[in-house]
Amino acid sequence: MWEEYRERKLEGFLKAKNRGELDSDIVKLLDTINLLENYVTLSSCSGRIVVIDIPEVGDKRRAKFLGKWHDEVDFEVVLSTASKSENWGWLIQYPPIIHVACRTLDDAERLMIAANDAGFRRSGIISVKNHVVEVASLERIELPVAHSGRILVSENYLRSVVEFANIKLKKGKERLERLYNLIKAFSE
């Protein structure tokens, strides 16, 4: 039954919120979605830039985060962090992503239209059970920048990539704000 499912998911959301486990700049949007009786958020990330140490391509289980930032990051911090890689140091910029369960297929469609209007062009239903919508976009940067602590690219190139990653991160946060305004209108 939808009401019981939604209540369980809301309890988990509130626990995570109270423990400070949610990205602070997405909480307003999640709260707004969770106030609507036909929706409940399942997971989210407001977007981030990371440096990750990967033993070999595809081995995410043994990968270690060397640095993780949900706000703009300085080139020097990325350079210093990547220099600590023991294996392959990757710089990755992730766009925002939100998973939302919807009461009906019509509710899911309404959310997908709002997400697309906000600029999240890769949004869609990812699970028929509970009509789970993934709000997402394609903008992402992912490239190896270090190996065994040695930087593989020029400092000028890395500086440009970090600058570009910061711009993309900021644009993702602007999309979240547009989505917030569109979702807010659901209850009006």
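Tyr5 is buried in this predicted model, with a relative accessible area of 13%. Tyr5 forms an aromatic pair with Trp2. The structure holds 2 aromatic pairs. A pair of aromatic rings is described by the distance of the centres and the angle of the planes.

**Pair within helix 1**
- The rings of Trp2 and Tyr5 sit 5.9 Å apart, centre to centre.
- Their planes make an angle of 40°, and the pair is tilted.
- Both residues belong to helix 1, which covers residues 2-18.
- Trp2 and Tyr5 are 3 residues apart, about one turn of the helix.
- Trp2 counts as buried because its relative accessibility is 11%, under the 20% cut-off.

**Pair across distant parts of the chain**
- The ring centres of Tyr39 and Phe186 lie 5.9 Å apart.
- The planes stand at 45°, so this pair is tilted: that angle falls between the limits of 30 degrees for stacked and 60 for edge-to-face.
- Tyr39 is in strand 1 (residues 39-45).
- Phe186 is in the segment after helix 5 (155-184).
- Tyr39 has 3% relative accessibility, so Tyr39 counts as buried.
- Phe186 is buried too, at a relative accessible area of 14%.

**Lysines over ring faces**
- Which ring has Lys28 over its face? The ring is that of Tyr180, with Lys28 at 4.2 Å from the ring centre.
- Lys68 lies over the face of Phe65, at 4.5 Å from the ring centre.

Conventions
Residues are numbered from 1 along each chain as its sequence is written. This is a predicted model: local features need pLDDT of at least 70, side-chain atom pairs count only at pLDDT 80 or more; totals for chains, interfaces and linings use all residues. Side-chain values use heavy atoms; hydrogens and water are left out. Rings of Phe, Tyr and Trp (its six-membered ring) pair if their centres lie within 6.5 Å; planes under 30 degrees apart count as stacked, over 60 as edge-to-face and the rest as tilted. Helices (H or I, at least four residues) and strands (E, at least two) are DSSP runs, numbered from the N terminus. Buried means under 20% relative accessible area, exposed over 50%, partly exposed in between (1.4 Å probe, protein chains only). A charge sits over a ring if NZ of Lys or CZ of Arg is within 6 Å of the ring centre and within 35 degrees of the ring normal.
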